[in-house]
Amino acid sequence: RLLLSEGYEPDIIYTSRLKRAVKSTWSILNTLNTPYLPVYKSWRLNERHYGALTGLKKMDAAKELGMEVVQAWRNSLKARPPPMKPDDEHYPGKDRRYEDLGEGQIPLTESLMDCMQRSIPFYTQRIVPEAVNKGKRVLVTSHENAIRGILMYLCEIPEEAMNQLHLPNGVPLVSFLRRMDYRQPNLTELLLSHLFKVYNVKRKCITLLDDGSGQDPMEKYDFGPAAQYLFRPCELDDDFYAEVSTKFVWCGQECVQR
């Protein structure tokens with residue numbers, strides 16, 4: 001409803017192949033009353049693959065392997081958990097959703113960097129030429145770590161700061177951009193994690209919509225120490241904001257309950 005009230009009506013949707021992201025897409029399309037829009041699903045927008053930890057609750061994994069070890073895998077940029085075995089019940093190669101992928105394309109485990117290195121090219125090589133540069137309004141329903149990667153690219157966040165970036169559930173982040181050819185401004189990007197209460201932060205490279213609460217989101221939500229890279233002053237002038245006419249919408253995986 002907030003998206004609708006702010007005029008965010010997409011022309012095309014990109015989502016992951018995970019059920020929670022697909023269901024979030026359905027929920028938003030139902031609210032926007034646009035069930036007819038084209039939807040494209042890509043595994044490159046999936047959440048990070050946690051290897052042998054897949055299917056385990058965090059506390060169960062910590063009891064079995066040790067909290068320090070599990071935290072190191074979760075928080076490190078390049079460390080990978082132990083790989084999933086092909087005979088594991090959660091092995092993606094057994095899932096018809098991934099039957100179009102070759103064996104070498106299916107990850108058995110991923111670091112945060114691995115996840116970002118598949119989401120960033122999907123943004124630059126598919127979403128940008130296919131939709132952004134054609135002036136389409138795009139809804140991307142994805143997951144925190146995949147969105148982290150795209151934010152790393154858009155906001156030029158250094159690698160060493162990525163594990164310090166937190167995306168609060170459901171807080172829409174709006175980024176005003178120009179087309180990739182840097183001519184006519186055409187794009188407003190909305191990155192949506194998991195809640196729907198938001199606040200207006202004006203004149204930033206990443207801004208937040210106004211939920212009418214009057215609360216400062218930097219006090220209300222924890223974006224982590226790397227928030228300074230998200231909310232840096234923008235170089236865009238008032239004419240750019242006045243001319244922006246299309247919107248790019250991202251949505252995190254838990255807009256609906258799993």
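Residues are termed buried when their relative accessible area is under 20%, exposed when it is over 50%, and partly exposed in between, as computed with a 1.4 Å probe on protein chains only. The structure described here is a predicted model, in which local features need pLDDT of at least 70 and side-chain atom pairs count only at pLDDT 80 or more, whereas totals for chains, interfaces and linings use all residues. Residues are numbered from 1 along each chain as its sequence is written, and side-chain values use heavy atoms, with hydrogens and water left out. Helices (DSSP runs of H or I, at least four residues) and strands (DSSP runs of E, at least two) are numbered from the N terminus.

Helix 2 is considered first. This helix spans residues 19–32, 14 residues in total, and extends 20 Å from its first C-alpha to its last. That reach is close to the 20 Å expected at 1.5 Å a residue, the expected span being 1.5 Å times one less than the number of residues. Facing away from the buried side of helix 2 are the exposed residues Lys-19, Trp-26 and Asn-30. The buried residues of the helix are Ala-21, Val-22, Ser-24, Thr-25, Ile-28, Leu-29 and Leu-32. Viewed down the axis of helix 2, these buried residues fall within an arc of 155°, so they line one face of the helix; the arc is that of the directions from the helix axis to the C-beta atoms. In general, an α-helix has 3.6 residues a turn, so residues three or four places apart point the same way.

One of the buried residues of helix 2 is Ser-24, which has a relative accessible area of 0%. The side chain of Ser-24 reaches the backbone oxygen of Arg-20 at 2.9 Å. Just after helix 2, Asn-33 takes a positive phi of about 60°. Asn-33 is found in the loop between helix 2 and strand 2 (39–41) and is exposed, with a relative accessible area of 59%. A positive phi also occurs at Glu-156, which is not a glycine and has a phi of about 55°. Glu-156 is placed in the loop between helix 6 and strand 4, and with 62% relative accessibility this residue counts as exposed. Most residues other than glycine have a negative phi.

The nonpolar interior was examined next. A nonpolar core is a set of buried Ala, Val, Leu, Ile, Met, Phe, Trp, Tyr and Cys residues joined through side-chain atoms within 4.5 Å. The largest such core comprises 21 residues, of which Leu-151, Ile-157, Met-162, Leu-165 and Leu-230 touch the most other members. Two or more residues are given to this core by each of helix 5 (112–130), helix 6 (144–155), strand 6 (206–208) and helix 8 (227–230). Helix 6 contributes the most, with four residues. Another core, of twelve residues, lies apart from the largest one and includes Ile-12, Tyr-14, Phe-122 and Tyr-123.

Cysteine residues were also considered. The structure holds zero disulfides, a disulfide being a pair of cysteine sulfur atoms within 2.5 Å. Cys-115 is buried at 0% relative accessibility, and Cys-155 is buried with a relative accessible area of 6%.

Seven salt bridges are found in a search of the whole structure, each defined as a side-chain nitrogen of Lys or Arg within 4 Å of a carboxyl oxygen of Asp or Glu. In one of them, Arg-137 pairs with Asp-11, the closest N and O atoms being 3.0 Å apart. This pair links distant parts of the chain, 126 residues apart: Arg-137 lies in the loop between helix 5 and strand 3 (138–141), and Asp-11 in the loop between helix 1 (2–5) and strand 1 (12–15). Arg-137 is partly exposed at 26% relative accessibility, and Asp-11 is partly exposed with a relative accessible area of 28%.

A further salt bridge joins the side chains of Glu-159 and Lys-78 (3.9 Å, N to O). Glu-159 lies in the loop between helix 6 and strand 4 (173–177) and Lys-78 in the loop between helix 4 (67–75) and helix 5, so the pair ties together parts that are 81 residues apart in sequence. Glu-159 is partly exposed, at 35% relative accessible area, whereas Lys-78 is exposed, at 56%. The side chains of Arg-126 and Glu-130 also meet in a salt bridge (3.1 Å, N to O). Both residues lie in helix 5, four residues apart, about one turn of the helix. Arg-126 is partly exposed, with a relative accessible area of 29%, as is Glu-130, with 27%.

Technical notes:
A polar contact is a pair of N or O atoms within 3.5 Å; within protein, one must be able to donate a hydrogen and the other to accept it, and residues adjacent in sequence count only if both atoms are side-chain atoms.
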